[in-house]
Amino acid sequence: MKRFWLVLLSLGLIMAFNASAFAVDVKFSGTYFAAGAYVDKLNVVTNQSHSDQSSALYFQKLQLTTDFIIAPGLSLVTRANIMERAWGATRSGASATLDTGSSATRAENENIGFDYAYINYNSPIGIWMIGYQNDHIFGTTFGDSSTPEGKITYILPLGNFQILAAIVKVSENSYSAINTASKQTNSDFDEYGVAGVYTGKNWEAGLLYIYYNNNSTRTTDNYKNKFQTLQPYAKAKFGPIAVQAEINYYFGKNEYDTAGSIDDDISSFAGFFDVLGTFGPLYIGATFAYVQGDDNGRSDHKVHDTATGGRDWKPCLILWNEDYSYWIDASTTATSKGNEMTNGYLYQLRGGVRPTDKLDIGLSVTFARQDRTSYQISKDIGWEIDVTGTYKITNNLSYMLGVGYLIPGDSYKGATPSNDLDNTYMVLNKLTLTF
C-alpha cells in the first residue's frame, strides 16, 4: 500500500509540474439549419418522368468547427458535418465516393463526417496551415466550390498586401496498402498555386495563379490533363454603391499518351460582374455572369467547358443552386440545370427593402440563356422570379421564407420541338442558427 501511494504521489507531482502541457483552450463555432421545401413539378417537360410529381421534405445539417488552441498562435482546427439528412428519409448506402464538397461520404455525413483537420501556426515568418482544409475558394463567391483537400498553405502578410502559396493533393493514386490495384507510377492529381491580395480603405483586388497537374486521367482516358488558371478579382465601394467583379480563365492541354494522337487545347472563360446600391432601407442591384460552353464534344480538339460558376455561388433558388441539387434532384438533366452554372449567360435584377434591422424582403428577376448548344432547338433557359423574406429572431437565429417561380425556355425541349413545357415553383423555409 505504501508503494502504491508513493507512485500515486509521484504521478501527481509530474502532472503538476507539466500542467501547461495539458492546458488546451477549446473554441466552438458553427451553424445549424432546419429547412422545409416543396417543389410543384420535378420535371418541366410534360409527359416525361416526374413531370406530374411534386416533392416535399424537411432536411437539416449541423456543421461544427472546433479550434484546439495549443499555445498563442498555434492551434489544431477540425470541422465536422453532423446529422446532415432529410427527416425520416432513406439513409444512403455504404460507398467510398466522397460527398459533394466534403472529405466524408454522404452516408458518413448523415451521422458524423469530418471535413477539416489541420494545424494553424502563426509563425514569425508567416502563417502556415497544414492538413485537410478548405480549397477552391478565392476572391468573390463566383467560381468558388468549397472543397476540403489535403493541403499546405502559406500566407505572408506585408501591411495591406498578402502573398499566398499552396500545394494541394487532389487525388492520390499511387500503389499503397489500400490501393493495390494501381498499375502506374504517376497518376496523381496535384495543384500548385500562388496569389497576391491587396486591401485598401474602400477596395480590394487580387490575382490567383494555379497550375493543375492532373495525371489521374491516364488510367481512364489515356491522357494527362495539364492546365493553368488566372483569376483576377476586384471589390470596391463608392459611397452607397458596392461593385465586385471576377474573371476565371483556364488554359492548357490534354496530352495524350498514345503515339499519333492529337492533343486537346484547353481554353475556357468565365466572368462575373455585380453592383449593389443601398439607399437607406432600400437596395437595388444587378448581376451579369457568363460561363463559356462547348458544343463540339472535343471533335475539333478544343476544350472550352473547364470553367464554371462554382457551387458556392447560388444566383437563384432553383437555377444553378447547390441546395436544390443536393436535397431535391441531383440529376444532371434536372430542372435546376445542375449545382453550378455552366454554358450560359445570366442577367439578373434584384431589389429589396429592410424596414427594420431584423427584416429583409427581397425580389429578383433572372433571365438565363445557353452559350452554345449541339442539339437543343433553342438556347433559352428561361426566366426565374424569386421572392425571399428573412427575419432575424435574435442575433444568432434567423428564419427565411422564399418562393422561386421558374418559366422554362425552349432549351428544356432538347431536340424535340413537339415537347410541351410547364412552369414550376418551389417554396423554401429555413431556420438557421449560428454560434
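This is a predicted model: local features need pLDDT of at least 70, side-chain atom pairs count only at pLDDT 80 or more; totals for chains, interfaces and linings use all residues.

Analyst: Strand β13, residues 282-291, pairs with strand β12, residues 264-279, in the antiparallel sense, and 10 bridges are found between them. Within this pairing Phe273 has Phe288 of β13 as its bridge partner. The hairpin that β12 and β13 form has 2 residues between the strands, and Gly280 there takes a positive phi near 65°. Strand β13 is also joined by 10 bridges to strand β15, residues 344-353, and these two strands likewise run antiparallel.

Turning to the loops, Lys337 is placed between α5 (322-327) and β15, and its phi is near 65°, a positive value in a residue other than glycine. Most residues other than glycine have a negative phi. Asn47, which is not a glycine, has a positive phi of about 60°; its place is in the loop between β1 (25-39) and β2 (55-71). Asn47 counts as exposed because its relative accessibility is 72%, over the 50% cut-off.

Ser102, in the loop between β3 (74-86) and α3 (106-109), counts as buried because its relative accessibility is 5%, under the 20% cut-off. The side chain of Ser102 makes a polar contact of 3.2 Å with the side chain of Asn109. Beyond its neighbours within four places in sequence, Ser102 is in contact with Asn81, Asn109, Asp115 and Pro148.

Methods
Residues are numbered from 1 along each chain as its sequence is written. Side-chain values use heavy atoms; hydrogens and water are left out. Helices (H or I, at least four residues) and strands (E, at least two) are DSSP runs, numbered from the N terminus. Buried means under 20% relative accessible area, exposed over 50%, partly exposed in between (1.4 Å probe, protein chains only). A polar contact is a pair of N or O atoms within 3.5 Å; within protein, one must be able to donate a hydrogen and the other to accept it, and residues adjacent in sequence count only if both atoms are side-chain atoms. Contact means heavy atoms within 4.5 Å. Two strands pair if DSSP finds at least two bridges between them.
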